[in-house]
Each structure stands twice: as structure tokens, then as C-alpha cells.
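Okay, everyone, thanks for coming. Let me put my protein up on the screen, and then we'll walk through it together.

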Amino acid sequence: MKLSVIVITKNEARNIGACMDSVGFANQWIIVDSGSTDGTVGLARTAGASVIETTDWPGFGPQKNRALAAAEGDWILSLDADERITPALRDEILAIIAAPQHDAYALPRLSSFCGQFIRHSGWYPDHVVRLWRRGSGRFSDSLVHERVLVNGGKIGYLHNPIIHYSYRDDGDFLRKLEHYSELGARQAFAAGKRGTLRKAFAHALSAFLRSFVFKRGFLDGRAGLIVALCAAETTYHKYFKLMLLTQYENGSVRDADVFERASTPPPPSED
């Protein structure tokens with residue numbers, strides 16, 4: 001049973017080598033790159049990947065579907081460049097595809113924040129569908145927070161986690177805050193949602209309480225508090241940008257540049 005690994009990239013030179021090393025057991029590696037300038041493409045090809053270079057950015061879901069369309073294996077494994085497959089997870093994946101009981105599997109994911117792995121705050125086990133039989137699933141067309149849509153049937157669950165180096169430092173967080181809040185606002189606006197300053201504060205407070213209290217982020221200590229504050233900040237910026245889009249639509253903001261800044265898609269994330 002052949003396995004294809006698919007990854008989308010943008011300036012992932014610091015990650016792509018280790019990512020590829022962790023999936024060396026696969027039969028095919030497909031990289032869809034959106035304009036890297038740091039040597040990512042060359043590193044990926046050196047590691048044996050087939051690289052598809054694109055010039056546009058349709059959003060995370062459509063970009064990953066491009067990679068999926070190029071995959072030829074019986075099974076698909078989707079990864080982000082900052083994720084790693086451990087030897088234990090490798091063995092579990094190989095055993096599963098040798099004798100599958102389901103057409104799709106969700107994998108737990110253990111993520112780090114500035115060097116510390118977070119085991120609460122809603123971050124773990126964070127099951128995500130990443131392994132499926134080719135033809136049994138595809139990505140949603142979401143600009144951000146895409147997910148795999150499985151064609152019926154029950155989803156199985158693996159035990160060993162993907163290791164996710166999500167935020168290496170404060171710069172990582174600030175870059176992703178700008179990117180994901182922008183895409184989140186645009187996606188919400190397109191779905192018919194509208195924003196106000198009150199909603200921005202209310203959603204930010206809700207995000208903090210959900211992460212730190214209800215998802216027991218306090219058990220992660222200082223790191224859990226920082227994660228909750230960052231969740232609140234990201235949520236606030238998303239709804240603040242949604243408010244700007246709403247004000248322009250209502251005519252209360254007449255500066256077209258405001259609308260352009262809030263509605264024009266940023267470059268794709270390095271993740």
C-alpha cells in the first residue's frame with residue numbers, strides 16, 4: 001500500500017528538511033510552494049520531493065487540494081512543514097495502512113509554544129484527520145482553518161501524536177496573529193457575519209476564559225496563561241478587522257483603503 005505525503009510551503013527552509021526526514025518511509029512526497037525565496041524549493045527537491053510552484057494564493061484549503069490532486073499513493077498523509085512524525089507514529093501508520101479498518105484516521109497533535117509543549121488549553125490531544133485512503137476525502141475550500149471532509153464512514157483514531165513546533169518565539173506569534181486574524185475576518189465577512197467593537201472585546205474575553213479556565217490552561221502554568229492571552233489577542237484582532245469591513249459596508253468609514261487593507265489577502269503563512 002503506497003503512501004503519499006503532501007505539504008504546502010512558503011519560506012520553510014528552516015523546517016522542510018526535518019519534516020521530510022520524519023516521513024522518509026513514504027513512497028511519494030508532494031510539495032506545493034507559493035513563492036518561497038529562502039531555498040525551500042531546492043531543499044525539498046534535494047530531499048526527493050516533487051515540487052509544484054504556484055504564483056497565486058487561493059487559501060489553505062484550495063492550496064492543499066492542489067497537492068492532493070498530484071498525489072498517487074493509495075493513502076494520503078497531510079502535514080504542515082512545522083510538524084514531525086515520530087518513529088512510534090511512523091510504525092503505527094505503517095501498521096494501519098497494511099491492515100486498515102477505516103478509510104480515514106485522525107491523529108493527535110502535541111504542539112509547542114516558545115519551547116514548551118502544551119498539554120491543556122484545548123491544544124491536546126487536538127485530533128486532526130491527516131491520514132486517509134485516496135479518494136475518500138478532500139480539504140474544505142476554507143481560506144483558513146481548513147479541514148478534511150471525509151466521504152462517509154467512521155473515522156479511526158491513532159494513539160501516537162504528531163509533534164508540532166507551532167510558535168518558536170514571539171516573532172512567530174506576531175506574524176501568525178496578523179495572518180490568521182486577517183484571513184479569519186475575511187472568511188467571517190464572506191459568510192455573512194458582521195462585527196462591532198463590543199463583539200471584538202466579548203469574543204476576546206470568551207477566548208481567554210475558554211483556553212485558561214474551561215480547557216484548564218492553568219495546569220500548564222505560566223505558559224498556559226500566555227497561550228490564553230495570545231488566543232484572546234488573536235481573536236480580538238480578527239473581530240476588530242471584521243468591524244472595519246462592516247463599517248465600510250455600512251458607509252460609516254469612507255476611506256476605501258481601510259476596506260482594501262482589511263479585505264486583501266496577505267501572503268500565505270510559512271506554515
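So, to start: which charged end sits over the ring of Tyr167? It's that of Lys176, 4.8 Å from the ring centre. By "over a ring" I mean that NZ of Lys or CZ of Arg is within 6 Å of the ring centre and within 35 degrees of the ring normal. Arg194 does this too, with its charged end 4.0 Å from the centre of the Phe189 ring.

Quick housekeeping. This is a predicted model, so local features need pLDDT of at least 70 and side-chain atom pairs count only at pLDDT 80 or more, while totals for chains, interfaces and linings use all residues. Residues are numbered from 1 along each chain as its sequence is written, and side-chain values use heavy atoms, with hydrogens and water left out.

Back to the rings. There are 13 aromatic pairs in the structure. Rings of Phe, Tyr and Trp (for Trp, the six-membered ring) pair if their centres lie within 6.5 Å; planes under 30 degrees apart are stacked, over 60 edge-to-face, and the rest tilted. Take Phe113 and Trp123: they're edge-to-face, 6.2 Å centre to centre with 70 degrees between the planes. Phe113 is in strand β7 (residues 109-113), and Trp123 is in the loop between β8 (116-118) and β9. Helices (H or I, at least four residues) and strands (E, at least two) are DSSP runs, numbered from the N terminus.

Phe113 also pairs with Tyr167, this time tilted, at 5.4 Å and 50 degrees. Tyr167 is in strand β13 (residues 162-167), so this pair ties together parts 54 residues apart in sequence. Both Phe113 and Tyr167 are buried. Buried means under 20% relative accessible area, exposed is over 50%, and partly exposed is in between (1.4 Å probe, protein chains only).

Now, charges. How many salt bridges does a search of the whole structure find? The search gives 17, where a salt bridge is a side-chain nitrogen of Lys or Arg within 4 Å of a carboxyl oxygen of Asp or Glu. One joins Glu53 and Arg45 at 3.4 Å, N to O. Glu53 is exposed at 51%, and Arg45 is partly exposed at 43%.

Another joins Glu146 and Lys64, at 2.8 Å. Glu146 is in the loop between β10 and β11 (148-150) and Lys64 is in helix α3, so the bridge ties together parts 82 residues apart in sequence. And is Lys64 buried or exposed? Buried, at 5% relative accessibility.

Then there's Lys241 with Glu178, at 3.3 Å. Lys241 belongs to helix α7 (residues 221-250) and Glu178 to helix α5, so that bridge spans 63 residues of sequence. Lys241 is buried at 10%, while Glu178 is partly exposed at 43%. Salt bridges with shared partners also join Lys64, Asp80, Glu83, Arg109, Asp126, Arg130 and Glu146 into one network.

Over in α5 (residues 170-190) you'll find Leu183, which is buried at 1%. Leu183 and Phe60 are 123 residues apart in sequence, yet 9.9 Å apart in space, C-alpha to C-alpha.

Last stop: Phe214, in helix α6 (residues 197-214). Phe214 is exposed, at 65% relative accessibility. Okay, that's my tour!
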